[in-house]
Amino acid sequence: IFDIGKPNVNYEKYFTGKTYLAPLTSGQSIGVGNVTFIDGAHTFWHIHHGSCQILVTESGAGYVQLWGQEPVELKPGVVFTVPEGVKHWHGAAPGKMMQHLSIMQSNSEVSTEWLEPVDEKFFASLK
C-alpha cells in the first residue's frame with residue numbers, strides 16, 4: 001500500500017539485513033513510518049523511552065518479542081503495542097519479508113536505546 005522508501009542507512013547498525021524506511025508524517029507530534037524488512041531482517045533489542053510503539057503489520061510474516069516473553073507472530077492485520085520502557089525486538093521471520101507501520105510520539109523527549117543483537121540461533125529456530 002505504501003512506498004517502501006529508501007534504504008534505512010541511518011539505523012543499519014541496529015538491524016540485521018536490509019531494511020527500508022518511508023516516513024509517512026513529518027513535523028507532527030505522532031511519527032508514522034512504513035518499515036520494510038527483507039529476507040529475515042530484524043532489529044536489535046531496544047527500548048523506547050518516552051513513548052509506546054504501535055506496530056501495524058501490513059504484509060509478509062514476522063515477529064515481535066518483549067523481554068522475558070515468547071515471540072508473537074506478526075501477520076497482515078496484526079496490531080501490537082510495545083509499552084514504553086520495555087526491551088523488545090521486531091522484524092521479518094527467517095527467510096521472509098515483512099512490512100509494518102511504526103507509530104510513536106515524536107518529540108525531543110522520546111529516544112531509543114539500542115542494545116545487543118538478537119541471538120541468531122534463537123532467531124533461526126523461529127518458523
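Buried means under 20% relative accessible area, exposed means over 50%, and partly exposed lies in between (1.4 Å probe, protein chains only). You're looking at a predicted model, where local features need pLDDT of at least 70 and side-chain atom pairs count only at pLDDT 80 or more, while totals for chains, interfaces and linings use all residues. Residues are numbered from 1 along each chain as its sequence is written, and side-chain values use heavy atoms, with hydrogens and water left out.

**Exercise 1.** Find the salt bridge of this structure and describe its two partners.

*Solution.* 
Step 1: Know what to look for, namely a side-chain nitrogen of Lys or Arg within 4 Å of a carboxyl oxygen of Asp or Glu.
Step 2: The structure holds one such bridge, and it pairs Glu116 with Lys87, with 2.8 Å between the closest N and O atoms.
Step 3: Helices (H or I, at least four residues) and strands (E, at least two) are DSSP runs, numbered from the N terminus.
Step 4: Check accessibility. Lys87 has 17%, so it counts as buried, whereas Glu116 is partly exposed at 35%.

**Exercise 2.** Is Ser102 buried or exposed, and which side chain does its own side chain meet in a polar contact?

*Solution.* 
Step 1: Locate Ser102 in strand β12 (residues 98–105).
Step 2: Its relative accessibility is 14%, so Ser102 is buried.
Step 3: The Ser102 side chain makes a polar contact with the side chain of Gln53, at 2.8 Å. (That term covers a pair of N or O atoms within 3.5 Å; within protein, one must be able to donate a hydrogen and the other to accept it, and residues adjacent in sequence count only if both atoms are side-chain atoms.)
Step 4: Leaving out residues up to four places away in sequence, Ser102 touches several others, including Gly31, Val32 and Ile54; contact here means heavy atoms within 4.5 Å.

**Exercise 3.** How far apart in space are Gly31 and Ser106?

*Solution.* 
Step 1: Gly31 sits in strand β4 (residues 30–37).
Step 2: Count along the chain: Ser106 is 75 residues away from Gly31.
Step 3: Now go C-alpha to C-alpha, and you get 5.3 Å.
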